[in-house]
Amino acid sequence: IAGIVTELARARTLLLLANTLAIAVSVTIAAVLIGLAAGWCIERCDLPGRRCWRVLASLPLAVPAFVASYAWASLGSAFESMGGAILILTLSSYPLVFLPASAAFRGMDPGFEEVSRSLGRGAWGTFFHAVIPQVRPALGVGALLVLTHMFAEFGALSLLRVQTFTTAIFESYQLQFDSASAALQSAVLVALCLPAAYGEMQMRRRVRVSRVGRGSVRPVNPVPLGWTKWPVSLAFMALTLMSLGVPLSTLVYWL
C-alpha cells in the first residue's frame, strides 16, 4: 500500500492526471456546446441547406482523430500542444453529441414550448425550461461518449506530444517494461470513468417528460433566424473547413 501511495503522489502522476482531466473535460464541454448549437440550428431553424449541413456535420466521425492530428500537426508545431489537442479532438468528437441531440430535436413535441410561452416565458426562457430538459438525456449520452473516448484516446495525443495516462501506460508497458506502474495508471484511468458513468445515469433518472392526452405529436415549425442565418451559415462553413477541409486537403497534398 505504501508503494501505491508513493506512486500516486509522484509529480509525474499528478501531471498526467491534470492533463487527462483538462483534455477530457474541455473537449466534452466544447463538443456539447457545438453539438447542441449545430443540432438546434439544423433541426429547428430555417437554416439554408439544412440537409447538406446535417450530412457535413456528421462526417468528421469518418476521419480518425489521429489522422486529423497528423494533418493539423503538419501545418505547424503550434498545434502540438494542449490547446491544439483540445481543438483537434473537439472537431473530431462533436458529432458524438450532435447526432443524438439532432434525433432528440426531430422527435420533440412543440406542445411543451407552447405551454411555456403561454406562461409568459420568452424565447430564451422557453429554450432553457422547455427545450433543454427534453434534449438533456441525449446530451448526457453524447457527453459520456466523448468523455470516455477522451480518457481512452492515444493516437492523436501521441502525435501531438501531449502526455496523458494513455500515453504513459504505453510507455510503461512497451518502453520501460514497468508493468506495475502501467497497471496502477490503468486503474486510475478506469476509476475516472466510473463517476462519469454514474453522473450520466443520475441525470437521466431525474428527467421525466410526459404528455397529457393521447394526441399525436405535431410537426415543428422552423424557428426563423432572420438576418442571423448568414452568420450562422458562415459558422457552419468554418466548422466544416476545420473539421473536414484541413485534414482532407492536407492528406491530398501529402499524397
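Which residues does phenylalanine 236 touch, not counting residues up to four places away in sequence? Phenylalanine 236 touches Ala38, Cys41, Ile42, Leu47 and Trp53, where contact means heavy atoms within 4.5 Å. This is a predicted model, in which local features need pLDDT of at least 70 and side-chain atom pairs count only at pLDDT 80 or more, while totals for chains, interfaces and linings use all residues. Residues are numbered from 1 along each chain as its sequence is written, and side-chain values use heavy atoms, with hydrogens and water left out.

**Fold and core**

- The protein chain has twelve helices and zero strands; helices (H or I, at least four residues) and strands (E, at least two) are DSSP runs, numbered from the N terminus.
- The protein chain has 255 residues, of which 42% count as buried. Buried means under 20% relative accessible area, exposed means over 50%, and partly exposed lies in between (1.4 Å probe, protein chains only).
- Among contacts between residues at least 6 apart in sequence, 80% join residues at least 24 apart.
- The largest nonpolar core has 61 residues, and Leu89, Phe105, Val135 and Phe236 have the most contacts inside it. Such a core is a set of buried Ala, Val, Leu, Ile, Met, Phe, Trp, Tyr and Cys residues joined through side-chain atoms within 4.5 Å.

**Pockets**

- A pocket is defined on a 1 Å grid over the protein atoms alone: whereas a cavity is a set of points where a 1.4 Å probe fits but cannot get out, a pocket is an open set with protein on both sides within 12 Å along at least five of seven lines, and lining residues have an atom within 4 Å of a point.
- Grid points are joined across faces, edges and corners, and a volume is the space filled by probe spheres set on the points.
- The largest pocket holds about 550 Å³ of space. Its lining has 21 residues, and those closest to the pocket centre are Trp40, Arg117, Ala123, Phe127 and Val223.
- Two or more residues of that lining come from each of α2 (11-44), α7 (111-118) and α8 (123-152). Helix α2 gives the most, with six residues.
- By class, the lining of the largest pocket has 14 nonpolar, two polar and five charged residues. Here Ala, Val, Leu, Ile, Met, Phe, Trp, Tyr, Cys and Pro count as nonpolar, Asp, Glu, Lys and Arg as charged, and the others, Gly among them, as polar.
- The second largest pocket has a volume of about 220 Å³. Of the 15 residues that line the second largest pocket, Thr28, Ala143, Leu144, Leu147 and Ala196 are the closest to its centre.
- For the second largest pocket, the elements that give two or more residues to the lining are α2, α8 and α11 (179-205). This lining divides into eleven nonpolar residues, three polar and one charged.

**Cysteines**

- The count of disulfides is zero, a disulfide being a pair of cysteine sulfur atoms within 2.5 Å.
- Cysteine 41 is in no disulfide, and the nearest cysteine sulfur is that of cysteine 45, 4.9 Å away. For the sulfur of cysteine 45, the closest cysteine sulfur is in cysteine 41, too far for a bond.
- Cysteine 41 counts as buried because its relative accessibility is 13%. Cysteine 45 also counts as buried, at 1%.

**Loop between α9 and α10**

- Leucine 160 lies in the loop between α9 and α10 and counts as buried because its relative accessibility is 0%.
- Leucine 160 touches Ser69, Ala73, Phe79, Glu80, Ser81, Gly84, Ala85 and Ile88, not counting residues up to four places away in sequence. Phi of arginine 161 is near 60°, a positive value in a residue other than glycine.

- Proline 222 is found in the loop between α11 and α12 (229-254); at 40% relative accessibility, proline 222 counts as partly exposed.
- Proline 222 touches Arg44, Cys45, Asp46 and Arg50, not counting residues up to four places away in sequence. The C-alpha atoms of proline 222 and isoleucine 42 are separated by 9.5 Å, and the two residues are 180 residues apart along the chain.
- Valine 190 is in helix α11 and counts as exposed, at 53% relative accessibility. A distance of 8.7 Å separates the C-alpha atoms of valine 190 and phenylalanine 151, which are 39 residues apart along the chain.
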